[in-house]
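Subject: A structure for you to explore

Hi there,

Here is the structure I promised to pass on. Have a look around it first, and then read on for what turned up.

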Amino acid sequence: MASVTSLASTVDQRIADALSAALPEAGPANPLLRRSDRADFQANGLLALAKRLKGNPRELATRVVASLPADGVIKDIEVSGPGFLNITIADRAIIETLAARAADTRLGVPYEPEPGTTVIDYAQPNVAKEMHVGHLRSAVIGAAMVEILEFTGEKVVRRHHIGDWGTQFGMLIQYLIEHPHELDHRGSADAATSGEEAMSSLNRLYKASRTLFDSDEEFKARARDRVVDLQAGDKETLALWQRFVDESKIYFYSVFNQLDMEIRDPDIVGESGYNDMLEETCRLLEESGVAVRSEGALCVFFDDVKGPDGNQVPLIVQKSNGGYGYAATDLSAIRDRVRNLSATTLLYVVDARQSLHFKMVFETARRAGWLNDEVDAVQLAFGTVLGKDGKPFKTREGETVRLVDLLEEAVERATAVVREKAKDLSEEEIAERGRQVGIGAVKYADLSTSAARDYKFDLDQMVSLNGDTSVYIQYAYARIQSILRRAGDAKPAAHPELALAPAERALGLHVDQFGEVLAEVASAYEPHKLAAYLYQLASHFTTFYDQCHVLSDENPAELVENRLFLCDITARTLRQGLALLGIRAPERL
């Protein structure tokens, strides 16, 4: 593995060195390099520097240009406007840089192992409850961040903080004791069918137990007694509780399998996993004075968190009846992850509507000393999935949309698109591509939106071949594979000696940005920037394909090979980028 310095970084360093040589009195200066439509790059940093030195920016710019060595990277540099530097890269440098990337299995992207550990908390469904559209974003965004961080060198520990504890289990367990066959169902070899059967049994039992709980006072009393037994660790009660957890996992795994996402059993540590720590967490908070008793409850107060009446709204760690709130579990999880997993970053992929809760939890942990300057706690907050009408996504009956139904419809729509375009695919291949395109479309629609924003779930747009969709990117990749298959004896080969057409230059320079984009995405937890990069790359390829004939008989062999080389490295970059987002890149569509 050999990391490759991007042309942008190379030019940035060249300009910075020239600045230091021409203006030693200036000290270190940032050239403020960016892509430009007037040249390949533009450096704007001289304006601020001239102001600081009380000099003429155009004169300073001219001195900097004179200090630049002729090294074959920069073809042309001109001073424009009040003191901008417009920089054009040599064609040879573009192809040589891409050739270095092509020689590396990682496309020259640096792999820089970090000394710390990032624990990512994502994909947190609830036991005995159906997954709905609201569970989509945490799973998709979290899984993408895991892949991106690991690819760039982070040590990542996954955690799925499932909702597997609470008073509702008293009702469910008591009902199962009195109706012992309610969780029985036929075993199925098919994961999706097995998952649906498990969820069907759980749904039926939940509704029946809820009806009985609301209508039968004696059953309600027995259910409440069962909660006490559960919390006291009664063996029979715990065994039945475990049945609910195991049954729910069958369902969870089937849904995540449909999402083409791997969830591993050791990474599932639900609320119950911290039960043994809750009492100690509360004791430590109270003894240190971080939490105080208020009306019998153990609370943490904050000067800047107040209700409409102006009174402080506390974080309730333990209720007045002795029960533990979500805060106690979340604080115990922080203690566990920092102490036992050696976490240096805690990344929570959770709904933006929980932002206040996590702000209070993080601040409490800092006051208690469980978070310090060596540990970052970050909420990667995400917005709501909306329907086409701009309102929270519901069925026509006003019910929450089941995640399974949504995924199945996406695959159906995508399969229809694939079938319409398919030329030489069998029915089996069409079905497989339909799954890859449909699930990819759902993931991309989520990931291409800034996580904090709400987005409209519009399947017609998601599976469109036009516009900013994963289907457009997948088709660009499949088109390149078709070109490479049709190339016959001609093979991709870099020819730095050739002059490049404008579309070739634009494509090559964009490919070269892949590593820098990944570094930015990883550091800021912004997968939508990777999605945007891939869409732009596919768009650059489309322009290249329209303007530069690859396999024309009129082209010299070297030109064919060089254009096949550009096709090949574009395809490899698209495939790697899509993989990091959890999206497949079919070879044929």
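Let's begin with a term: a residue is called buried when its relative accessible area is under 20%, exposed when it is over 50%, and partly exposed in between (1.4 Å probe, protein chains only). Helices (H or I, at least four residues) and strands (E, at least two) are DSSP runs, numbered from the N terminus. Please keep in mind that this is a predicted model, where local features need pLDDT of at least 70 and side-chain atom pairs count only at pLDDT 80 or more, while totals for chains, interfaces and linings use all residues. Residues are numbered from 1 along each chain as its sequence is written, and side-chain values use heavy atoms, with hydrogens and water left out.

**The sheet**

Five of the five residues of β5 are buried, so the strand is largely enclosed by the rest of the structure.

β5 belongs to an open sheet of four strands, in the order β6-β5-β10-β11, with parallel pairing. Which strands stand at the edges? They are β6 (155–159) and β11 (376–379); each has a single partner strand, so one side of each is left without a neighbour in the sheet. On average, and ignoring direction, neighbouring strands of this sheet are turned by 20° against each other. (Axes here are lines fitted to C-alpha atoms, for helices over the stretch in contact, and angles run from 0 to 180 degrees between N-to-C directions.)

Two strands count as paired if DSSP finds at least two bridges between them. In general, strands of a sheet pair through backbone hydrogen bonds, either parallel or antiparallel. Here, β5 and β6 pair in the parallel sense over five bridges, and Thr 118 stands opposite Val 156 in β6. Four bridges join β5 (residues 117–121) to β10 (residues 345–348), again in parallel, and Val 119 has Leu 346 of β10 as its bridge partner.

Two helices pack on this sheet. Helix α5 (residues 136–152) touches β5 and β6, and its direction makes about 160° with that of β6. Helix α12 (residues 355–368) touches β10 and β11, and its direction makes about 175° with that of β11. Contact means heavy atoms within 4.5 Å.

**Some buried places**

Helix α6 (residues 168–178) is mostly covered, with eight of its eleven residues buried. Among them are Phe 169, Met 171 and Tyr 175.

Gly 270 sits in the loop between α9 and α10. Is Gly 270 buried or exposed? It counts as buried, because its relative accessibility is 4%. Not counting residues up to four places away in sequence, Gly 270 touches His 160, His 161, Ile 162 and Asp 164. Gly 270 and Arg 159 are 111 residues apart in sequence, yet 8.6 Å apart in space, C-alpha to C-alpha.

His 510, in helix α17 (residues 502–511), is also buried, at 5% relative accessibility. Leaving aside neighbours within four places in sequence, His 510 is in contact with Tyr 533, Gln 536, Leu 537 and His 540.

**Two residues with positive phi**

Most residues other than glycine have a negative phi. Leu 32 has a positive phi, near 55°; this residue lies in the loop between α1 (7–22) and β1 (33–35) and is partly exposed, at 44%. Asp 260 also has a positive phi, of about 55°. Its place is in the loop between α9 (235–258) and α10 (275–288), and at 33% relative accessibility Asp 260 counts as partly exposed.

Once you have found these places in the model, send me any questions you have.

Best wishes
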